[in-house]
Amino acid sequence: MLVSYNWLRNYVNLDNVTPEELAEKITRSGIEVEGIEYLAPKSENIVVGYVKSCEKHPDADKLNLCQVDVGEESLQIICGAPNVGAGQKVAVAKPGAKLPNGMKIKKVKLRGVESNGMICSLQELGLDEKYIPADVAEGIFVFPEDAEVGEPVQELLNLDDAILDLDVLANRPDALSMLGVAYEVAAILDQPIELPDENLTVDESIEAKDYIDVKIDSIENNPYYGAFIIRDVEIKPAPLWMRNYLMASGIRPINNVVDITNFVLLEYGQPLHAFDYDQFGSKQVVIRQGKENETMVTLDDQERQLNENNLVITNGKEPVALAGVMGGADSEVTDGTTNLLLEAAYFDSASVRHTVKQTGLRSESSTRFEKGVDPNRVKRAGIRACSLLQKYANGKVAGSVVEVDALDKSEKSVTVTTAKINQRLGMGLDEKDVTSVLSRLQFEFSKNGEEIIVQVPTRRLDISIFEDILEEVIRIYGYDHLPYTIPQGWVQAGGLTDIQLLQREIKNYLSSAGLMETLTYSLTNEKDATRFLTPDIEEKPAYPVGLAMPMSEEHSHLRLSLIPEMLRVLQHNVARTQTDLAYYEIGKVFVSREEKVVNQPIENLHVAGALTGLWHNHPWQQEKKPVDFYVAKGIVEGLFAHLELDVTFVQTKMEDMHPGRCAVIKLNGKGIGYVGQVHPLTAKDFDVKETYVFEIDLESVFAVHQLAPSFTDIPRYPSVTRDIAFILDNDVPAGDVQAVIMEIGVPLVKEVSIFDVYQGEHMEEGKKSVAYRLLYQDPSRTLKDDEVDASYQEIIEKVNNQFGSYVRS
């Protein structure tokens with residue numbers, strides 16, 4: 001918000017505070033002033049001059065020879081501006097003047113003719129070109145007739161103004177208006193505030209209801225709409241002071257009607273819109289939701305496609321404005337406008353925000369409606385604009401306003417006590433200190449014993465609870481008065497929770513295994529939201545949670561798996577010639593068991609990995625090891641071994657996974673994740689090559705993991721190994737046999753590992769040979785051969801009986 005120091009002086013006495021001091025005080029009270037900019041450096045000898053005559057230069061077609069009265073003398077000045085003419089009052093830099101750009105004005109000769117000064121444009125006086133009115137952008141500025149000849153232009157053009165750039169946060173929409181800032185400054189400086197004159201003399205012979213009717217079909221999005229009728233307006237430049245304030249605030253002046261609506265927008269924080277009544281197209285204003293594929297052309301001459309989520313102003317037939325955002329080109333105010341329909345309305349912030357997002361069109365109006373406007377200023381702003389139109393456009397204001405009013409204008413009430421304020425702040429304020437701050441803020445209040453009941457004005461939308469009043473008291477009283485205190489009692493050192501420590505363990509292991517950590521969006525598209533689900537999610541119906549207002553279709557739903565977005569990361573890097581990749585991520589998935597989501601989804605922490613390309617590449621040894629199923633499975637096995645948890649892998653079939661290279665990870669008999677190869681067709685869909693992934697539900701791991709470290713004594717007695725090769729049916733999982741051997745061999749068998757699998761020549765069709773190595777050991781004694789032999793034979797018998805196998809000779 002750009003705040004003109006000179007404009008602000010109309011509401012609050014700033015005689016004893018400089019712009020720099022004011023900026024410091026505003027910042028200390030809670031609204032940061034990001035910078036101060038002076039419109040132009042101070043200059044002297046630049047005054048208002050009257051062009052008595054203007055003739056062509058005798059020796060130059062594009063130059064004019066002007067005789068200019070500057071009060072005490074007349075100067076002969078040569079000017080090349082195309083719009084200079086006799087009878088004008090212009091800005092004249094007399095000899096000896098120094099312009100803001102550093103140019104020094106001297107007496108010179110141009111084509112043999114003497115020139116004693118310079119007739120200046122606004123650019124030459126230091127104003128930013130983008131804020132200069134279009135009609136004088138290519139020439140000199142002409143003052144109104146009431147400008148006094150010889151008067152310095154510095155104050156007349158507001159060139160001595162300082163602009164304060166306020167960083168207004170979303171919780172302080174009141175500070176997006178000059179009156180809002182004036183209330184704030186008045187409270188800071190403990191000064192009274194002078195409000196604008198809203199007196200209006202109407203033309204009793206004109207009734208607005210004879211010209212217009214208002215109908216609202218979407219009252220929840222537009223609880224108030226007021227239509228003012230102003231007849232016989234004269235389109236001309238706005239008064240100079242108003243144009244000065246608009247330019248200082250970063251708005252280019254256009255004409256008196258548009259400038260007045262912009263002026264009131266900045267003054268009250270209430271957007272208004274003026275329609276050319278004769279071009280409006282009907283005697284009825286209808287506010288409704290847009291229709292699918294409906295179009296309109298806005299003031300920027302762009303065609304906008306609408307939908308049912310857009311609130312529009314119509315003439316009963318077609319849209320004439322995007323509510324709260326921008327008007328339509330067909331009914332804009334032009335030089336030929338004589339009758340006005342002035343809109344003062346309250347639009348729902350969410351509705352305006354949706355239109356802004358859909359159209360990409362943001363304006364000064366939409367910015368204020370999005371953050372919220374004061375409901376009690378809506379009609380008053382319309383009256384203020386009518387008063388200015390009457391004064392500066394010679395308009396005749398109809399005797400009544402046509403309005404539909406369902407707007408809640410009630411004030412909130414907040415109860416505080418001085419004791420509770422002191423308890424929170426650690427201060428010793430008395431009741432007088434508190435009530436003084438409330439009075440400075442222009443908050444009405446009453447007392448009930450020790451309680452102070454505060455009536456919060458509707459301009460302060462950010463105040464609704466005790467803590468809000470507490471903040472107001474201390475920021476106006478002064479944060480500098482807060483006492484310095486040393487913390488009392490014992491201070492306990494911070495630390496990580498068990499779950500945080502376990503997460504770090506997992507991260508450290510995966511990083512040391514050669515995987516790089518990545519971070520992906522929690523949002524994905526609707527199709528990918530239900531892919532690659534872990535068993536714990538798939539065991540019950542799980543529904544993706546869609547966003548009400550997604551930024552794009554690619555990020556419209558909360559994820560149920562980490563894998564889809566990780567595959568997109570792989571694809572992004574593969575497309576940039578990075579072929580050997582291994583990533584992991586620890587992040588949340590969002591599970592809802594409701595088809596129509598009412599409650600918040602459950603947030604589960606998962607860990608996932610994705611690998612593609614070469615796992616090892618040693619050119620010197622001429623060794624290359626591509627990523628395969630066993631690499632991915634080995635990483636998962638190593639992770640659980642590091643966590644000292646026993647898991648099993650059971651071959652399975654999953655959608656989007658290779659049917660022969662995918663396994664469920666089971667912990668205590670419960671499926672907690674999977675590992676395997678992405679199905680080739682799915683990999684093609686994501687535009688990646690052969691890729692292996694795993695995903696594990698960490699919540700299930702946290703539930704059973706014991707963080708306390710464990711250890712095993714170094715064995716004192718020797719171990720014995722025995723090998724067995726079983727001939728098994730091809731469909732018998734080798735892991736199942738391994739588990740049975742371990743179960744039978746307890747307690748003498750400590751480890752069972754598979755070291756060979758054979759299928760092919762000399763092997764019966766449908767059979768495979770799987771060789772197991774058994775490690776026998778007793779920590780308390782040396783085992784005897786007959787004990788090992790007995791266990792060995794028992795294992796052979798029971799495995800053969802259970803799986804229909806036999807031992808390979």
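Select I724 and Y772. In β39, Y772 is the bridge partner of I724. The model on your screen is predicted.

**Stop 1: β39 and its two partners**

Now widen the selection to residues 767–776, the whole of strand β39. Is this strand mostly covered or mostly open? It is mostly covered: nine of its 10 residues are buried.

Next, bring in residues 749–758, strand β38. How many bridges join β38 to β39? There are eight, and the two strands run antiparallel. For a landmark, pick E751: its bridge partner in β39 is L775.

Strands of a sheet pair through backbone hydrogen bonds, either parallel or antiparallel. Side chains in a regular strand alternate between the two faces of the sheet.

**Stop 2: the whole chain**

Zoom out and colour by domain. The domain assignment gives domain 1 as 2–39 + 162–189, with domain 2 at 46–156. Then place a centre on domain 4 and another on domain 6. Their C-alpha centres lie 81 Å apart.

**Stop 3: N6**

Go to N6, in helix α1 (residues 5–8). Is N6 buried or exposed? Its relative accessible area is 14%, under the 20% limit, so N6 counts as buried.

Show the side chains around N6. A polar contact of 2.7 Å joins the side chain of N6 to that of N158. Another, of 3.1 Å, links the side chains of N6 and D160. Which residues touch N6, leaving aside neighbours within four places in sequence? They are N158, D160, D161 and Y245.

**Stop 4: an antiparallel sheet of five strands**

Select the open sheet with the order β5-β4-β3-β6-β9. Its five strands have antiparallel pairing. The edges are β5 (74–79) and β9 (118–120), each of which pairs on one side only. From one strand to the next, the twist averages 50°.

Strand β6 (residues 89–93) is joined to β9 by three bridges, and the two run antiparallel. Pick V92 here; I119 in β9 stands opposite.

**Stop 5: a mixed sheet of five strands**

Move to the open sheet ordered β11-β14-β17-β18-β19. The pairing among its five strands is mixed. Strands β11 (213–216) and β19 (326–327) form the edges, pairing on one side only.

Within this sheet, select residues 284–289 and 311–314. These are strands β14 and β17, paired in the antiparallel sense over four bridges. Find R288: its bridge partner in β17 is V312.

**Stop 6: two crossing helices**

Finish with helix α11 (residues 418–425) and helix α13 (residues 466–477). How do they cross? Their axes come within 11 Å and cross at roughly 75°. That angle makes α11 roughly perpendicular to α13.

From α11, it is made by K420, I421, R424 and L425. From α13, the residues are F466, E467, L470, V473 and I474.

Definitions and conventions: Residues numbered from 1 in each chain as written. Predicted model: local features only at pLDDT ≥ 70, side-chain atom pairs only at ≥ 80, totals over all residues. Heavy atoms only, no water. Domains from an automatic or database assignment. Buried < 20%, exposed > 50% of the residue type's maximum accessible area, 1.4 Å probe, protein only. Pairing = 2+ DSSP bridges. Polar contact = N/O pair within 3.5 Å; in protein donor to acceptor, adjacent residues only side chain to side chain. Contact = heavy atoms within 4.5 Å. Axes fitted to C-alpha atoms, helices over the stretch in contact; angles between N-to-C directions. Parallel < 35°, antiparallel > 145°, perpendicular 65-115°, else oblique.
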